[in-house]
Amino acid sequence: MAVSETSPALEILIRGPEGYAIWDGPPFPNDQPSIRLATVPCTSAKFSEDGSKLMVMKSDSVISVHDCKTLKEIRSFEIPNVLAAVISPCGTYLQTFQKCTSPQDKNVVLWKVESGESVYQLYQKNMTKVTWPSVRFSSDEMAACRLATNEIQLFDGRDFSKGIVQRVRVPGIAAMELSKTPGSYVAAFVPESKGMPASVQIYTSGKDSQTPVARRSFFRCSTVQLSWNHGSTGLLVLVQSDVDKTNQSYYGETKLNYLTTDGSHDGLVPLRKEGPVHDVQWSHTGKEFAVVYGFMPAMATIFDKKCNPLLELGTGPYNTIRWNPRGKFICLAGFGNLPGDMAFWDYVEKKKLGTTKAELSVTSEWSPDGRYFLTATTAPRLQVDNGIKVFHHNGSLYFKKMFEKLYQADWKPESPDKFGEISEFLKAVDSLKIDETKVQGQGSKASKPATKTTPANPPAQKPAAYRPPHAKAAAAVQAELFGGNPSGEMSKNALKNKKKREKQREKKAADGAM
């Protein structure tokens, strides 16, 4: 079946120093994107999780919320000394954090976008990754919760006038995560204390119960990452410790645990290779999850909900995994301090579709319809070679554009269920080979004339070892003192001494053989 005519169009948000703009997504007419909204000044911009609203933060403490269909402003909030803002998953609420001077100031405010009224206020001393946003929502906004001292406070996401509807007492709690679809459970993390192990506990939200439905304890645990599946039946817990007692990793030790809300499973995920867990992601259905793990070259495996391995994706220089929203394709990649190798897999057919590279990528994500894969090199992480690349599902390059400075590149979220099957489109793309030099856009790099044809899928190359400036200076001093050459070539004396040492080793070996 071809894609339905009623399927929503793809859109891409691009933000640079001048502000943000919105492009019509691929396929592009004449190989160039059309501009749906010209550049608008701002300091940050973020879509709601369902793609219905766009929050735009301006430099003069003004925050605007726009309707994504019409791009018209729904409401504007003027909030002095605002430090951060976030929009709720369905765009119903705007949450702001203001700089405050005393505990009497309620500096965290939850605003209703439609009316512009404040529906909930509280005081929060500082803002961290664990404590912000202060109020967390499920994807449908039916449930909401907040981390407080030694307890989790739960709210009715449709009516905050009811106040706190449930309190879950968890002494020593340091982090929590509300399940998204639906918001029927909340996971709590309690770190190690006075010889007692750390633990993760799962509680039922909406019911006044203080007994966890699942629990697991850990030793050597500093922090955890909690990841719920779609359907709220399983929780992946990535346990991290600051110190690896085996001294195999400078970055500490990681273990991946899996808990189910029905109590059918509670234990470690059986990984076949030693080393850190680099990335883990659930499929859109919530029935499988993929893990990249182990010392380099890392291994990638897909497991079912009972932790049985379903598919091995091989090994390589990978630390990132991105699962296509339709559940059909998977991208394995090595970003950050790795050279940017990418491998595209068809999970349904259990085969590799292609490989390519996207060096220096900072962000990466599949399009909502699952056809395209976007990578971006952005500031301030990298100040040079900023730009975006759009790939087909098989790794062939579709579009490339460079920027003098790029801060953000995001797809507008849409539900994957709104898109039809794409089998006919995929057949056409599978035979497509695109020359990268033909799809370079305008920008600092693209404006340079191409002198050499670059294949769409270049072979992976081993990056040159990094030499810090002090090491280069030391090499130059050593060359001056001992007759060496700082460029790496040996002097005549060094070459003569090397040959002499080789002859001595050969003589010793011959004497030993006799």
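Trainee: How many bridges join E4 to strand E5, and what makes two strands a pair?
Mentor: This is a predicted model, in which local features need pLDDT of at least 70 and side-chain atom pairs count only at pLDDT 80 or more, while totals for chains, interfaces and linings use all residues. Residues are numbered from 1 along each chain as its sequence is written, and side-chain values use heavy atoms, with hydrogens and water left out. Strands (DSSP runs of E, at least two residues, numbered from the N terminus) pair if DSSP finds at least two bridges between them. E4 and strand E5 (residues 53-57) are joined by 4 bridges and run antiparallel, so they meet that definition. In E5, Val56 is the bridge partner of Ala45.

Trainee: Which residue takes a positive phi in the hairpin of E4 and E5?
Mentor: Gly51 does, with a phi near 80°, in a hairpin that has 5 residues between the strands.

Trainee: Why does Ser139 count as buried?
Mentor: Buried means under 20% relative accessible area (1.4 Å probe, protein chains only), and Ser139, at 17% relative accessibility, therefore counts as buried. Ser139 lies in the loop between strand E12 (135-137) and strand E13 (143-148).

Trainee: What makes the link between the side chains of Ser139 and Glu49 a polar contact?
Mentor: A polar contact is a pair of N or O atoms within 3.5 Å, where within protein one must be able to donate a hydrogen and the other to accept it; the side chains of Ser139 and Glu49 are joined by one of 2.8 Å.

How values were computed
Buried means under 20% relative accessible area, exposed over 50%, partly exposed in between (1.4 Å probe, protein chains only).
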